[in-house]
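User: I'm new to this one. Can you walk me through it?

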Amino acid sequence: MRIKRHPIVRCVVALATLLVLILCQETWTLAGVTGNIAGSVHDSSGAPIAGVEVQVVAPSMTRTATTDAGGHFVLLSLAPDTYTVNLTRSGYQSVSFPGVVVFADQTQNVAYTMVKTLKTIARVTSQAGASLVKSGVGSDLYSVNAAQAAA
């Protein structure tokens, strides 16, 4: 004797199995709570700068990364907040960029340019026996003769 299965029972079993699979799949129901900042650092000619210390600061947290040979950096798992990005490297002027907003489940892409610092190539000092301009004189007009200028 053969038992006939009802199509309704098959549908109910299939739906129950599908419902159990969906509910057990936790990653579908979780939302992300952190975001990222990714970017690059170049000099004024457009060449990438390696070794730049990239620090992001916000009331909620502070993180640091370093640029790679291509000038790229990534800061992962940042709390949603408004960050200030600080860039530091020897030979370049340090610079800060406030107002970088990080949202949950999003990557904020940024690009920055750093300017080289001036190099000190020499120091000049002067020693004079007498000063042509005297401190404490409340006038904008000075009378200087040839003997004073020669001294």
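Analyst: Leu15, Leu18 and Ile22 form a nonpolar patch on the surface, with about 280 Å² of accessible area together. A patch takes residues with over 30% relative accessible area and no salt bridge, joining like charges within 9 Å and nonpolar side chains (Val, Leu, Ile, Met, Phe, Trp, Tyr) within 5 Å. A salt bridge is a side-chain nitrogen of Lys or Arg within 4 Å of a carboxyl oxygen of Asp or Glu. Areas come from the Shrake-Rupley method with a 1.4 Å probe, and for residues only the protein chains shown count as cover.

User: What kind of model is it, and how are residues numbered?

Analyst: This is a predicted model: local features need pLDDT of at least 70, side-chain atom pairs count only at pLDDT 80 or more, and totals for chains, interfaces and linings use all residues. Residues are numbered from 1 along each chain as its sequence is written, and side-chain values use heavy atoms, with hydrogens and water left out.

User: Where is Leu15? And why does Leu15 count as exposed?

Analyst: Leu15 sits in helix 1, residues 7-24. Helices (H or I, at least four residues) and strands (E, at least two) are DSSP runs, numbered from the N terminus. Leu15 counts as exposed because its relative accessibility is 58%. The cut-offs: buried is under 20% relative accessible area, exposed is over 50%, partly exposed is in between (1.4 Å probe, protein chains only).

User: New topic. Is Ile37 buried or exposed?

Analyst: Buried, because its relative accessible area is 0%. Ile37 belongs to strand 1. Beyond four places in sequence, the contacts of Ile37 (heavy atoms within 4.5 Å) include Val56, Phe73, Tyr83, Val100 and Val110.

User: How far is Ile37 from Gln108?

Analyst: In sequence, 71 residues. In space, 4.7 Å from C-alpha to C-alpha.

User: What about Asn36? What does Asn36 touch?

Analyst: Asn36 is in strand 1, which covers residues 35-43. Leaving out residues up to four places away in sequence, Asn36 touches Leu75, Leu76, Ser77, Leu78, Val102, Gln106, Thr107 and Gln108. A polar atom of the Asn36 side chain lies 3.2 Å from the backbone nitrogen of Ser77.

User: Tell me about Ser77. What is its phi?

Analyst: Near 55 degrees, a positive value in a residue other than glycine. Ser77 lies in strand 4, residues 72-78. Ser77 counts as partly exposed because its relative accessibility is 40%.

User: And Asp105, where is that?

Analyst: In the loop between strand 6 and strand 7 (107-114). Asp105 is not a glycine, yet has a positive phi of about 65 degrees. Asp105 is exposed, with 55% relative accessible area.

User: Now the strands. How does strand 2 pair with strand 3?

Analyst: Antiparallel, over five bridges; strand 2 is residues 53-57 and strand 3 is residues 62-66. Strands pair if DSSP finds at least two bridges between them. The two form a hairpin with four residues between them. Val57 stands opposite Thr62 in strand 3.

User: Which residue in strand 5 faces Gln55?

Analyst: Asn86. Strand 2 and strand 5 (residues 81-88) run antiparallel, joined by five bridges.

User: How many bridges join strand 5 to strand 6?

Analyst: Six, again antiparallel, with strand 6 at residues 95-102. Tyr83 has Val100 in strand 6 as its bridge partner. Strands 5 and 6 form a hairpin with six residues between them. In the turn, Gly91 has a positive phi of about 90 degrees.

How values were computed
Polar contact = N/O pair within 3.5 Å; in protein donor to acceptor, adjacent residues only side chain to side chain.
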